Every structure is written in C-alpha cells, then in structure tokens.
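Please look over the sequence and the model shown below before reading my notes.

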Amino acid sequence: MTTKTRKTIIETAALVDELTDLREQIATLQAREETLKAQFRGYGVSAHIGTAVANTAFKNGLADRQQPEDVFADVQSQMYNPRYRSYV
C-alpha cells in the first residue's frame, strides 16, 4: 500500500467520523425541536411568556409567594384552558 493510499484512507476515515458526529448532532437537535413543538402546541407561546414574566418577578423580589420548583408547570396550572364538550 502506498503512502498516498494510506493518507486517502486516513482522510476518508476522518470524514466518516465527522459525518457520524454531525448526524448525531442533527438527531439531537431534531429531538429537541420536537420537544419544543410539543410544548408550544399544548399552551402556545402564552405559557412561555408567563414563565419568563414569573421568573423575572421571582428574580427581582416582586412575587408575593415562594418560587415553585417548576415555574412552567405552575404557570400552566393557572392558565385558563377551556374544555369544550364534543357534540360530533
């Protein structure tokens, strides 16, 4: 095997490794995107805005109660969520 062939094999293996890493990163980002989409589907942007406002209030000492462990879940639990009976 020539030196040039060895170099080509090494470079190809490095490219395969890099592409594998990129594929894993893409899969992770796609999974995160699906998680975020699911969160936004449930309550839309309102729950996220409410969470940001609540976190700011807690951070600046403006809240009139203790900060819950899960601010997002707390905000969701206090949001109006109409449940309509299905007539179909």
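The numbered points below take up the basis of the model, its surface patches and its salt bridge.

1. This is a predicted model, in which local features need pLDDT of at least 70 and side-chain atom pairs count only at pLDDT 80 or more, while totals for chains, interfaces and linings use all residues. Residues are numbered from 1 along each chain as its sequence is written, and side-chain values use heavy atoms, with hydrogens and water left out.

2. L19, L22 and I26 make a nonpolar surface patch of about 280 Å² (patch residues have over 30% relative accessible area and no salt bridge, with nonpolar side chains joined within 5 Å and like charges within 9 Å). Of these, L19 is found in helix α1, which covers residues 3-59 (a helix is a DSSP run of H or I with at least four residues). L19 is exposed, at a relative accessible area of 56% (exposed means over 50%, buried under 20%, and partly exposed in between, with a 1.4 Å probe and protein chains only).

3. A negative surface patch is formed by D17, E18, D21 and E24, where Asp and Glu count as negative. D17 lies in helix α1, and its relative accessible area of 48% makes D17 partly exposed.

4. Which residue forms a salt bridge with D74? The partner is R65, and the closest N and O atoms are 2.3 Å apart (a salt bridge is a side-chain nitrogen of Lys or Arg within 4 Å of a carboxyl oxygen of Asp or Glu). The structure holds one salt bridge. D74 counts as buried at 18% relative accessibility, whereas R65 is partly exposed, with a relative accessible area of 41%.

Notes:
Accessible areas come from the Shrake-Rupley method with a 1.4 Å probe; for residues, only the protein chains shown count as cover. Helices (H or I, at least four residues) and strands (E, at least two) are DSSP runs, numbered from the N terminus. The place of a charge is taken as NZ of Lys, CZ of Arg, CG of Asp or CD of Glu.
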